[in-house]
Each structure stands twice: as C-alpha cells, then as structure tokens.
Amino acid sequence: MGFVVGLLLGYLREEDTFWILKTLMLNPPWDLAQLYKPGMPGSQLLLFQFECLLKHFVPDVASHLEKENIVPSMYATQWFITVFAYNFPFDIVVRIWDVFLYEGWKIVFRVAITIIKEHRKEILARDFEKILEYFRGIPPTLEAESLLTQSFKLKLKTAQLKSIEKKFELQ
C-alpha cells in the first residue's frame, strides 16, 4: 500500500491523498481494501482472473508456465497489489494510473497480458528459474507509448471479467 500512497503523495496534498485513498480502498470499481485484508481475497480474485485471461489471450504461454509450475502469484502479485507502482518506470505507472482511476481494473489486466504477449518468445524459451528471473527484469525495458497502445488494442470486456469473477466465487 505504501507504493500507492507514495504515488498519490507525489501529486496531492496529504489531506487530499487521504480522501482519495479512502475512496480507492472502499469503493468500486477499485476496492483496494480487498487486496490487503487477511487472506488477500481481492488479490486471489485478480490473480484468478488474470490466469483465466492469460489462457484465453496467450494460451501457449499459459500452457508453458503451467508446465513449468509457475502460477501468476509468483510474478504478478506485485503488479496487482501496487497497480504497477512497485518497480515499473514512472512514466508508465502514471499513465496506467490515469486509466485505472477512470475505469478500474481492466487496464491492469490489459497491461499485464500485453507484457506477457510482448515477451512471449523469451518466456517460451526459458525454464522455471530463468522465467522468474526474466520477469524481474522486464519493468525497466518497457516503453510507455508502445505498451499502452498495445494494451488498448486488447479486446477485453467488463462482462468477461464479471463472468470469471462468478467462476471464482463458485470455487
């Protein structure tokens, strides 16, 4: 949560940061508090949705990661719980946050899937250890304009996310 607060404090007064953080924590479409509750139920849902979307949009990579016993929580948790603020280039983070504040989680999924798609060949060529190492090195190599342009081309519908959420609730 500190990375989120730090990002907000970079643009807002302390009191404004407090009220915006309160809104982001307790209200849809963000509901960030769900990410930080015991058991991290919001994180579990987001990672489940991401895994389903990965299988839909990049099935070969999803299959390879599964074969290597790599689950999204091993590389994407920080992406979701900080909305990329943890170690991504600042110019990318603020652009993602602009859209996140407007539309919620859809942009986070779009960006995460686009990162996987753009690094598909490199991921498929590696085994377990090298894949996780590779994921740690991705953020500094990203270019904001290209990443966001490709992310917005991804055909992801809110109904798709809701449908996956229902599957998660039935587990």
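This is a predicted model: local features need pLDDT of at least 70, side-chain atom pairs count only at pLDDT 80 or more; totals for chains, interfaces and linings use all residues.
Residues are numbered from 1 along each chain as its sequence is written, and side-chain values use heavy atoms, without hydrogens and water.

Among the buried residues of α4 are Leu45, Phe48, Phe50 and Phe57. Helices here are DSSP runs (H or I, at least four residues), numbered from the N terminus.

Phe50 leads on to the core. A nonpolar core is a set of buried Ala, Val, Leu, Ile, Met, Phe, Trp, Tyr and Cys residues joined through side-chain atoms within 4.5 Å. The largest has 61 residues, and Phe50 and Ile116 are among those with the most contacts inside it. Helix α8 gives the most to this core, with 8 residues.

Aromatic rings come next. Rings of Phe, Tyr and Trp (its six-membered ring) pair if their centres lie within 6.5 Å; planes under 30 degrees apart count as stacked, over 60 as edge-to-face and the rest as tilted. The structure holds 16 such pairs. The rings of Phe48 and Phe168 have centres 5.4 Å apart and planes at 50°, so this pair is tilted. Phe48 lies in α4 and Phe168 in α12, so the pair ties together parts 120 residues apart in sequence. Phe48 is buried, at 16% relative accessible area.

Definitions and conventions: Buried means under 20% relative accessible area, exposed over 50%, partly exposed in between (1.4 Å probe, protein chains only). Helices (H or I, at least four residues) and strands (E, at least two) are DSSP runs, numbered from the N terminus.
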